[in-house]
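Please report on how the chains of this model are held together and arranged.

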Protein chains: 4
Amino acid sequence: MSSIQKGHRFWYIPDGYIPRESLGKVESHEAICLLNCYEEEASIVITVYFEDREPLEQIEARLEGRRTKHIRTSELQKDGERIPKGVPYAIEVVSSVPVILQYTRVDSTQPANALMSVIGFPLS
Amino acid sequence: MSSIQKGHRFWYIPDGYIPRESLGKVESHEAICLLNCYEEEASIVITVYFEDREPLEQIEARLEGRRTKHIRTSELQKDGERIPKGVPYAIEVVSSVPVILQYTRVDSTQPANALMSVIGFPLS
Amino acid sequence: MSSIQKGHRFWYIPDGYIPRESLGKVESHEAICLLNCYEEEASIVITVYFEDREPLEQIEARLEGRRTKHIRTSELQKDGERIPKGVPYAIEVVSSVPVILQYTRVDSTQPANALMSVIGFPLS
Amino acid sequence: MSSIQKGHRFWYIPDGYIPRESLGKVESHEAICLLNCYEEEASIVITVYFEDREPLEQIEARLEGRRTKHIRTSELQKDGERIPKGVPYAIEVVSSVPVILQYTRVDSTQPANALMSVIGFPLS
């Protein structure tokens, strides 16, 4: 097994969007779900791209070895700056060790939730 | 980093469909979400394929460097011709620089939204 | 461009399921959405796999050149035999020319639709 | 055909989550949908990763040749231990023969269902 690389170090999600409203029991949110199959802890660096301004860079996170972590994008911050709601953005995730990334959005703008999910786009 | 190509120049989405109706607070729509990680602006050329007629070709768009752009397919046009609602179609996106593409549909045909999303299919 | 192969000849969808009920305005259905970027017509052969019986093989379809086709799985048939509703199945699609395949399910089991979509899994 | 490998032996799903509630007619659930195109039966070994504890390892399943199997994650167990509801987790699936894997979540936390699906992330 040691010869197979379990994941990638670079991942991309072009369609990021945190809905403004939440009418359901569940709050509208997005999650970046990471899986680290290695023993070693992963250092994560996230860049957020926007349509009409410079990217928000160097957002940091950590992921222990042999663990998953489902990070809400609304909780990401760099020096107190967060991703605004209701604004289209895109995400780059760079990890120090190979990981696997899935992105999911729960939209409860209306009382009935809507769900979408994609495996991120990896670079190899 | 400069040796890794950040994305692809050719992307495909076979399931395009703009719902005819919108009953929710949000209008039914689709978006082609592009991410350009390069400094250079990307020139985009889109072809729309149909089931029973010749493709609509040479629809142009632009995407600045280090930016994302979420383009509604209903806004695409070539000499005033747009993609009709309620008709199955497919999309080819060709970019002058490598980009990453995600496609999302918001269907508010009924008061409760439905969502779906895929990373496009790239050619390499 | 002629040196890039636009798609694949073998595609797989493990999660097929035609919901039994339709309470919304839209009937519950699934679609296999194909895109053929070549001039040549594609001959399609579909195999449907089940959980507890032999596969339904040699279901045929055709797709013109430079066209898309969104095929409802409920319309597939071999000698009058169709995919039953409410039964888990999986699909293999083999094409004579490379194509791109996306699978989408519209579930209107309840008055509010639910949507899901994936790009099929290609073999290369 | 015998020279093409129909699938992969290692598959990953980072975003696992079994909703706590079910208000719709359909119970909230997730399914790992496997397709085995080979004649040979596949021996499946599943590892479940969590955010804050050691993985649950060596969960076993079997999949006959030329069959699909849609396994509810709530039914997976190892010595009587199951995946708890309402907890983020991730899944690794290892198969003795190449298979194709799709993951789907049906969320009926609210009376209107929500759906999401992804093709798993394969290692090659």
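## Salt bridges

Over all chains, the count comes to 36 salt bridges. A salt bridge here is a side-chain nitrogen of Lys or Arg within 4 Å of a carboxyl oxygen of Asp or Glu. One of them pairs the side chains of Glu54(A) and Arg67(B), at 3.2 Å, N to O. Glu54(A) sits in the loop between β3 (42–50) and β4 (56–63) of chain A, and Arg67(B) in strand β5 (residues 67–72) of chain B, so the pair joins two chains. Strands are DSSP runs (E, at least two residues), numbered from the N terminus.

This is a predicted model: local features need pLDDT of at least 70, side-chain atom pairs count only at pLDDT 80 or more, and totals for chains, interfaces and linings use all residues. Residues are numbered from 1 along each chain as its sequence is written, chains are lettered from A and ligands numbered from 1 in the order in which they are written, and side-chain values use heavy atoms, with hydrogens and water left out.

## Chain D against chain A

Chain D puts 34 residues into the contact and chain A puts in 33. Contact means heavy atoms within 4.5 Å. The two chains bury about 2,600 Å² between them, 61% of it on carbon and sulfur atoms. Pro14(D), Gln110(D) and Phe121(D) supply 24% of the area that chain D buries against chain A, more than any other three residues. Buried area is the accessible area (1.4 Å probe) that two parts lose on being put together, summed over both.

Four salt bridges are counted between chain D and chain A. Glu54(D) and Arg67(A) meet in a salt bridge through their side chains (3.1 Å, N to O).

## Chain B against chain C

Here 34 residues of chain B touch 33 residues of chain C. The buried area is about 2,700 Å², with 61% from carbon and sulfur atoms. On the chain B side, Pro14(B), Gln110(B) and Phe121(B) supply 24% of the area buried against chain C, more than any other three residues.

Four salt bridges cross this interface. Glu54(B) and the side chain of Arg66(C) form a salt bridge at 3.4 Å, N to O.

## Symmetry

Superposition is by least squares on the C-alpha atoms of residues with pLDDT of at least 70 in both. Chain D goes onto chain A by a turn of 90° and a shift of 0.0 Å, with an RMSD of 0.0 Å.

## The largest pocket

The largest pocket has a volume of about 1,300 Å³. Of its 43 lining residues, the closest to the centre are Phe121(A), Pro122(A), Phe121(B), Pro122(B) and Pro122(C). A pocket is an open set of points on a 1 Å grid over the protein atoms alone, where a 1.4 Å probe fits, with protein on both sides within 12 Å along at least five of seven lines; lining residues have an atom within 4 Å of a point. The volume is the space filled by probe spheres set on the points.

Key. Helix = DSSP H or I, 4+ residues; strand = E, 2+ residues; numbered from the N terminus.
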